[in-house]
Structures are given as C-alpha cells and as structure tokens.
Amino acid sequence: METNLKSRVRALPIFPTTLPQTHKSLLTPLLLLFFFFINFTPTASTLNQIPNLDQLYSKHCNDVVPKSETHPKWFLTTLSIQDLGFHSSYFTGGDRLFNQSSGGRKALIFRPNYVARTLADGIFHVKGNMDLQSRYSTRRNLKLVKFREPRIPIRRGVVRFRLEGYYSESSKKLCMIGKVMSMYNAGKFEASVVLKLNYPKWSSVYDSLITGSLESVVIAEGDDGKNYFDPVLMLGLSVKRSYEYTFVGKDRLSSFPSSVDRGESIALENLNDSRRDLCRLIGNRLERYELVYGSECGGVNCNPLGGDVGYVPGSLVFYGTRCTEGRKVQMLLGFSNSSVDEYIRFPFVPSTTLIAEGEWDEKGNRLCAVACRILNFTESLTSARVGDCSTKLSLRFPVRLSLRNRSAVVGQIWSDKKVSDPGYFSKIGFQGLSGWLVKLLGYKYDYSVNDNLRKTCAEKRAGRGKGKRYPEEYSSDLKFDMRVSNSKGQVAWGYSSPLFVDDDRIYGRRFWDKPQETEVPSRRKKSHSSPMNITYKLSFTRGAQFFQDVFPSKAELAAEGIYDRDYGNLCLIGCRHVPSKEQNSIKKDMLDCSVKIDVQFPPLDTKDGRNIKGAIESTRNKSDPLYFERIEFSSTSIYHNQAAASITRIDFEIVMVLISNTLACAFVGWQLYFVKKNPDVLPFTSIVMLIVLTLGYVIPLLFNFEAMLAPNQSKQSTFLGIGGWLQVNEVMVRVIMLVTFILQLLLLQLTWSSRQGGNSQKSLMDSERKVLYATLTLYIAGALVTCSVHQWMNTHQNSYRPFHRKLRRVANLWHLVHPQRSLWDDLKSYAGFILDGFLLPQILFNLFVNSGEKALSCAFYFGTTMIRLLPHAYDLYRARAYTWLLAFSYIYANPKTDFFSTAWNIIIPCCCLLLAAIIFLQQRFGSRCILPKIFGHSTVYEKVPVISNEEL
C-alpha cells in the first residue's frame, strides 16, 4: 500500500510535493496521503475562498470558455502546468495597485498549480497565482562568513492574486476569476478580478507571445470604486513544451560569415562536465555582457534600439529560455543602459527585447543565432507580434584569457539589413566574464607581467611573517569583501576574488566544490612551490565621490601577480577602464594598466584580531592625467577556520544554555520539595525575592513567545548557516523556561498563601513592605545611573563602555563586532544585574524580621547563584580563547542580558558569592550575625517566675 501510494504521487506531473529528508519517519505514508488529498483532490479547491465565483464566472467568463464539471479521472490530462505558466513578461496599467504613476520596471509571473480534466472535451479546470511586480532589484544571498553592503536598495511592490477558471484547448484561451491574496509595498484592495489570456495557437518564434488583461469587477451595486483599478494589459513569452524552430537548420549556418569570429574557441567536448552540450552552458541561464562599440560608431547607425529610446545601451542581457538536443536554443536578448548586474529576472521590456533562435556550429565552435523584434506594442500590448528578424548574433568561448582580455564570452551582434534601410546598425561586440562558464570550460591563462614583480615583492616581504601559516593558494580564504577609503576618509565597499592560480581555475568555485580529477595531480606538484602566479578580479561599488576619479568608467580592476603563502603577501599589477581620448556619442573605454596592488594576509592563527590589509596606487607620475591618489582597503571577511571556531563555540553555548535552564528548573523543584517537608519556613521566604526571580523567567518568555510557535530565522543562522539547529534548541530553551516559570510561580503562590490570616503574619508583611521600599529605591537609583552613563557615552562618542566588554576592533567589521547599543539594551543588561543580586531582598527581609529560620535550601540559593556567575566565568574564558566575536553570535553570556567585561566578570561573581555566604551565615547563626554587636541584639524583657509568700 505504501509503495503504490508513493509511486502514484511521483507519477503525477501536477504540483509535486517533496518532503525534507529530516522528516522521514513512520508517519511518511500518512503525510503523503494528507498532501495528496490537499493538493490533488478536486474537492479541496478554492471555491469557498473566492466570493461569488460561480456568479462572476458566468457573467464574465462563460462566453469565453464555458464552465464544465470535473472528470472523475481528472488527473489524466494532456495539458501541463508548464504549457500555461510564464514568467518572462511585462504589463502596463494598474497604477492604483502600487500607489504610483506609470513608469519603472514592471513584470508579472503566472504560476498555475492545478490542472484537471473536465467532462467537456478540450476544457480544463485551472487554478493558480499571479504576481504583479512594479519594480524588482538584485537580492544578494549572504555567503558563508562574508558580509557585503547591498549595491542597490531593494524596494518593490508586489500584488498576488489567487485565481481559478477554465482553459479551452481549441481556442487557446484562459479565463479565470480571482481576488487579491496578498500585497507588499502596495495599496490595499479587496477587489475581485477577471483574468483573460490568449495563448498562441502554434509554437514558433513568430507565435511565442501570450497576451491578455486583468480587470477589477464590481461585486455588488453601490460600490464606491475604492476597489477599482485601471485594466492591466500584459505580454508574456510562452514556454510551451512543444516548439518548432524556424531559423535552425544545416543550411542556416552557411549564411553566417566565418570572418565574424576570430580567434581560437573552445569546443563543447572540452566541458568539465558529464553533459557536454550547449544546454549545460546557457540553458536557463541569465548573464549580462558588456557591449563594445567600434571606432566607426558615431551616430544612430550603431544603436541596436534606434534613436527613439534616448540612450545608447551599454550592456546585453542574455537569457536562455529553452534548449533542445544539446545544440538548439531559444533565448531572449535585452539591451540596457546600466553597467551594473542588477537583474534577478530578465527585464522583459518590448522596446528593448529580442526573441532569438540559435544553433551551435561545431565546425566554428560558435553559437549562431537570429533575433526578432517585438512589434505593434505601443498602442496596446494585446496587439503585439513578433517580426523583423534581421538581427544576427554570434557567440564563442575563447581558449585563453589574459590581463587585457578577461572575457570568457565574446561575440558580435549586427543587422542584416542594408545601410540605407531603417533600423540598420553596424557590428557591435560584446564580452563578459561568467563564473559559471569559467567553472565548466577549460580556459587557460597567459601571464605577462609576473616576472617583473618577483624581485619587487621579494624586497617588500623580506623579514615579514616568515614561519607562520597563511592561507593556501587554492583556499577560498583568498576571497574577501573589503572596505575602501582614501586619505580624506571617504569610504566605499568592494569584493575581490582570484580567477586562476597558475592554470588552475578558481573563479566561480565555492569553497565546498571538489577540484576536478585532472587538477589534483597538478596541485600536488605545485604545492611545494611558492610564490605562485595568480590572477584576481576586484569589483567596487560607487559609494564614494572619490571613485569617479579612480574608476571613471567601470568600478572594477583586472589584476595578475604572485602570491607567497610563506609570507602571506600578494603583489598584483592591475588594469582599469578609463574613457578614451576620442569620444563621441558612443562611450568607449581604454585600459590603464599602471596600477599596483599590494595585499598582506594575516596568519591563520592570529590572536590579535588582525584582518587583511592592502593598498591600490598608481605607478604614473603625479603630473599624468591618469594618476590617482593612493587608496587603502581592509577586509570585512573572516577566515573559514575562524568561522568553524565560531560555529563550534555557538554549539557549545547552546548546550550551556540548555544545561543552565535545566538546572534552574531542578533547583526550583528542590526548593518546592524542601518547603513541602518544612512548611513552617514558607512565611519566612521573601516575596520580593521570588517576584524578582519570577520576572527573570517571564520577561524573556513574553519577548520571545513567537519562537515557540514559529521561530524566525535570526541573523546568526543566516550568517553562519546553523538556522535549523539553533531554532530547534531555541524552542527547547523556551519550553524549559516555561516549566521553570510555572514552578517559580507555584512557589510564589505558596509563600503568599502562608502569609494570609492571623495577627502573627502582620509583622512579616510589614517587614516585606520595608524590603520592597528599600530594594525599589536601589533599583530605581541604579536605573538612573545606567541612563546617565548611556547618555554620557553617546554624547562623548567614547569607546569606553563600563557595562559590557570592550570587544576587539576588527577594523571594518566594527558595526558587527561592536554595534551601537541603545538605551533599551543597557536597561536589559541592568535587569540582568538585578537578577544577579536576587538574594539581596532575602537578606534584608531576614534583618527586618530578625529570624534565624532556614527558609531557603542550600541547593536552591547556592545552585541559583552558581547559574548566575558561570556566564561571567565563561565570558572571561571566551574573551581570551576566541579572537573573532560577532555581537549577534552570542548565545550564552549575551551582553544584552547582563553586564559583561573584565571588571564586571570579577565584581559580579564576588558579590554573588558574598550574598550566598551571608544567607548561609544568617540561617546558621541568626539573621543579624553579620551586623556589629551593637546592632546584633535587640533589647528584650525576660519573664521572671513569680514567688509566693508561702515559698518565702
């Protein structure tokens, strides 16, 4: 039964459900059965979720695609989700949805998630979601142990609709009714909508566009129009599985002149992959290439978009939409005026987008393609069509790279029209460096300037760092983010990564990638030689004004040089792009290779918190127009061994938190057992002390209660990749704290109940009030001092912080290692300090009552004291054992929960032990044994027995 069910679910091509490996158990068959009925059963639909669905469909859609009942064998369908869905798209209208006027980058995504056969032939029941995005921008995933400032602010409006309707296979039309499901950075609408899509009847380059509209509909009379928005017209690219190529064939390649591509190119047989075909290289890949205009360009004839767009594009965006037989490809070509790789999806704009078909030429080792334009879209997107296929493209992969030629991809695009024809443009080159291609193709690198560097670098490193361990040549520690600054203190950010070490490719490889089998022998052979040839790519953001002088064209450097792992020294000569002297309407650059880069890596076992430091300077004379001032940089990354040590420390701290909370729960339970055996001591337990302890458990629970139900991924899980382990243990910690809080609350309730009734308890309550007044006065005074010190530190901007550890400054990670503390953070630390002195109210209560009762068990007050002082002892050890500490990576002994520094870590444990010793003495020798004798005894009258006259 179990096997049949699993195979049946896998055979369905509709909305497959995959369960994580960590959830495999005996319940797996039941879970699969549950998801089967939820996702695949027609009765589990959104009929009840879309108001008036039947009524609205009959009114707006029934004449387009007639409604039909679902077939008993609904899953036997010839229509797939892929045939209906699309994501390369564009829309106009709907401005009210995003609270903005028309303009900016727009895109939409249609994701069907359910397709079912109906009783009517050729009619299918369809459900899905559609996302309208008013703008999207790059999102960078944080790589392991590496921080980088975002290059482009992320702000996009997204509106999601839930839709349901029917599709006709004969008319190729889809009509759906839906409603707004969610909105992000957009307006507020509760509108019902109707979606109408027209799919191409054939599948070719000329019939590859999907057109349609999305409109709001009126549900009832008297609607004031608040849910109305202007119609959304949309245009998308069909990705239907069946496709007929129009411009691909043996006779087509002969029309491409062989003189277009010059130079030796890599054949597909040289792929470092089991799949040696074109689909592995460019299938479903999004790449951006730089356009290179020739010297003859001086007018509109070099603009592939014509003169109406108002700019000359600087880059070509390439996206492979489909690939078949390992050599045929359909792709989208987009022209942009941006020099920044800012796309996570293809910018499908009709005026700048071309739809192309291509084929790999095995003789010339190149890709030859024909591109068509999108026409008739200016008045209405529903009238758009594909035509004007006069643009041709050629692309190849050069065998060798060098300092002046770092392009892993080179090609040309040109018009096949006559010079006098409208829309003609001359040949335009394009080039780019792709980590994906460098990883798969066997590129070689030609070094040119390293021999001259060896003598200069040897003189600089003489006597520096010999005998210490530095990163290996092939280590990913040679990649690093950096903070760049000039002599004026202006700051920008950048990233550097090696490309090749000798002839071994490094660029595009992650630290977990295994080297190719052919690379291992060469690495072993070269492992003893140092220094070694190395090439680098340095990229920068334009975050500072001085970068206009250093990088006037492109904020990047191509560099090559030598790295000596015995000294941790990296010497490079770099090339930057500068504007050409001969400028016209087409921007052209030239290379300035008079740039020297010197980098010093710290030892792997550094104990002083040092990081990578370097400098970039021009070797030209100051009078030269291309000279620029020296700029310095330092890393904002850490070594992987430091990251591994941080992860080990976090794992240990998680265990420490679990043990501490478990012991705290056990000690409270022991006190309950103690008062059960000795109920007479309950009235002599300070209620103020119990309230302080109870608040110490309930406040963290209140601020982190959501972690018990749906814990959010925190910064440390994102940064160090330990999210799942950390979240599970966080829930365990909260559960243990909840149990401890309940036991503590029970102890407080028992103590309070023991004080009720009888005149003998009045004196105890009077003493409790005195304790409350005294402790509140002390606590409020301490809070005022904390606020004053916090204000003083912010005013004077002093690095001295008496309330928490003065962390080692790791140059440019200051905002991570030593973040700015708010007043609320300092008050939370002060609350932890109050909790450290939880025995103070009990000591005062004993003094006021003058009781020698043993109210607290030794395990309770001494064990709880040890729990409070152990974090301070551990913090002293941590400060000396770990040289790299991120403020958000604290789990145990968190500075936000108490005062931590070298001084506080000595003062607080001594005070805690002193309070515990006073409790011990009070319970053994009397409550006032700690006071001088003049205060230690009160005046009392002794009863003298009365002697009668007879006894006299």
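**Close-ups of cysteines and a helix pair**

**View 1. C323 is partly exposed, with a relative accessible area of 21%.** The cut-off for buried is under 20%, so C323 at 21% lands in the partly exposed group. Keep in mind that this is a predicted model. C323 has a partner here: a disulfide joins it to C279, with 2.1 Å from S to S. The S-S torsion of C279 and C323 is -85°, and their link is left-handed. The two cysteines come from distant parts of the chain, 44 residues apart: C279 sits in helix 6 (residues 278–282) and C323 in strand 10 (residues 315–324). What about C279, buried or exposed? With a relative accessible area of 13%, C279 is buried.

**View 2. C61 and C175 are joined by a disulfide.** In this pair, the sulfur atoms are 1.9 Å apart. The torsion about the S-S bond is about -65°, so this disulfide is left-handed. The link ties together distant parts of the chain, 114 residues apart: C61 belongs to the loop between helix 3 (53–60) and helix 4 (81–84), while C175 belongs to strand 5 (residues 173–184). C61 has 0% relative accessibility, so it counts as buried. C175 is buried too, with a relative accessible area of 0%.

**View 3. A disulfide connects C575 with C593.** Here the S to S distance is 1.8 Å.

**View 4. C910 is in no disulfide.** The nearest cysteine sulfur to C910 belongs to C911, and it is 6.9 Å away. A disulfide needs sulfur atoms within 2.5 Å, so that distance rules the pair out. The count for the model comes to 4 disulfides.

**View 5. Helix 19 meets helix 21.** Helix 19 covers residues 840–849 and helix 21 covers residues 904–925; their axes come within 10 Å and cross at roughly 30°. That angle makes helix 19 roughly parallel to helix 21. The crossing is left-handed. Who does the touching? On helix 19 the contact is made by L840, Q842, I843, N846 and L847, and on helix 21 by L915, I918, I919 and Q922. Sorted by type, the contact residues are 6 nonpolar, 3 polar and no charged.

Technical notes: Residues are numbered from 1 along each chain as its sequence is written. This is a predicted model: local features need pLDDT of at least 70, side-chain atom pairs count only at pLDDT 80 or more; totals for chains, interfaces and linings use all residues. Side-chain values use heavy atoms; hydrogens and water are left out. Axes are lines fitted to C-alpha atoms, for helices over the stretch in contact, and angles run from 0 to 180 degrees between N-to-C directions. Helices (H or I, at least four residues) and strands (E, at least two) are DSSP runs, numbered from the N terminus. Angles under 35 degrees count as roughly parallel, over 145 as roughly antiparallel, 65 to 115 as roughly perpendicular and the rest as oblique. A crossing is left-handed if the near helix is turned anticlockwise from the far one by less than a right angle, and right-handed if clockwise. Contact means heavy atoms within 4.5 Å. Ala, Val, Leu, Ile, Met, Phe, Trp, Tyr, Cys and Pro count as nonpolar, Asp, Glu, Lys and Arg as charged, and the others, Gly among them, as polar. Buried means under 20% relative accessible area, exposed over 50%, partly exposed in between (1.4 Å probe, protein chains only).
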